[in-house]
Amino acid sequence: MEIKYFRLIKTIAEEGSIANSAGKLFLTQSALSHQLRELEERLGFKVFLRTRNKWELTAEGTELYKLGNELLERIEIGFQYIEQLRTDSSGTIKVSTECYSFYQGLAGFIQKMGLLYPGIHIDLILEATHQPISKILSKEIDIAVVTLKPAQ
């Protein structure tokens with residue numbers, strides 16, 4: 001499902017109608033109505049219960065609204081983080097691996113990081129080599145290179 005549909009659901013739910021939502025989404029009422037109809041046809045269920053002056057989310061629509069809010073928030077946080085990296089890339093990243101032989105593969109990563117983010121320094125934390133998972137959980141390192149996904 002495209003992000004535009006989550007924005008559409010969120011805006012209509014919060015504004016209460018197509019008429020109030022069209023301007024906020026920079027669409028005509030007709031275009032917005034068409035997109036909603038297209039979405040509901042693709043999904044196979046109604047997202048909104050429509051009355052003369054009020055639009056309410058169906059049970060399925062409520063779930064889509066919640067999911068959409070989470071996704072849109074995560075996307076916004078991600079873009080903020082990317083912008084922060086672009087404009088203020090400085091600091092230190094502490095890296096370790098679960099095996100000493102993995103360190104030879106980190107040279108390319110460190111070189112690329114240096115080119116992309118000259119203000120970021122990479123520290124190799126050798127003392128965390130045999131216990132990278134516990135060190136990352138205790139925030140002693142930022143990145144751990146391991147071969148298996150840790151058990152939860």
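Contact here means heavy atoms within 4.5 Å. Keep that in mind for Phe 48. Leaving out residues up to four places away in sequence, Phe 48 touches Ile 9, Ile 12, Ala 13, Leu 36, Glu 40, Trp 55, Glu 56, Leu 57 and Thr 58.

A word on the source. This is a predicted model, where local features need pLDDT of at least 70, side-chain atom pairs count only at pLDDT 80 or more, and totals for chains, interfaces and linings use all residues. Residues are numbered from 1 along each chain as its sequence is written, and side-chain values use heavy atoms, with hydrogens and water left out.

Back to Phe 48. Is Phe 48 buried or exposed? Phe 48 is buried, and Trp 55 is buried too. Buried means under 20% relative accessible area, exposed means over 50%, and partly exposed is in between, using a 1.4 Å probe and protein chains only. How many aromatic pairs does a search of the whole structure find? One. Phe 48 and Trp 55 form that pair, edge-to-face, with 5.8 Å centre to centre and 65 degrees between the planes. For the cut-offs: rings of Phe, Tyr and Trp (its six-membered ring) pair if their centres lie within 6.5 Å, with planes under 30 degrees apart counted as stacked, over 60 as edge-to-face and the rest as tilted.

Next, the cores. A nonpolar core is a set of buried Ala, Val, Leu, Ile, Met, Phe, Trp, Tyr and Cys residues joined through side-chain atoms within 4.5 Å. The largest one has 15 residues, and Ile 9, Ile 12, Leu 36, Val 47 and Phe 48 have the most contacts inside it. Helix 1 (3-15), helix 2 (18-22), helix 3 and helix 4 (59-87) each give two or more residues to this core. Which helix gives the largest share? Helix 1, with five residues. Another core lies apart from it, with seven residues, among them Tyr 103, Leu 106, Met 113 and Ile 122. Helices (H or I, at least four residues) and strands (E, at least two) are DSSP runs, numbered from the N terminus.

Now helix packing. Helix 1 and helix 4 pack at an angle of about 115 degrees, with axes 9 Å apart. Axes are lines fitted to C-alpha atoms, for helices over the stretch in contact, and angles run from 0 to 180 degrees between N-to-C directions. From helix 1, residues including Ile 3, Phe 6 and Ile 9 meet a set in helix 4 that includes Gly 61, Leu 64 and Ile 75.

On to charges. A search of the whole structure finds seven salt bridges, each a side-chain nitrogen of Lys or Arg within 4 Å of a carboxyl oxygen of Asp or Glu. Lys 24 bridges to Glu 15, with the closest N and O atoms 3.6 Å apart. Lys 24 is exposed at 54%, while Glu 15 is partly exposed at 28%.

Arg 50 and Glu 40 meet at 2.8 Å, N to O. Arg 50 lies in strand 1 (residues 48-50) and Glu 40 in helix 3 (residues 29-43), so this pair ties together parts ten residues apart in sequence. Arg 50 is partly exposed at 37%. Glu 40 is buried at 7%.

Lys 135 and Glu 140 form another salt bridge, 3.1 Å from N to O. Lys 135 counts as buried at 18%. Shared partners also join Glu 40, Lys 46 and Arg 50 into one network of salt bridges.
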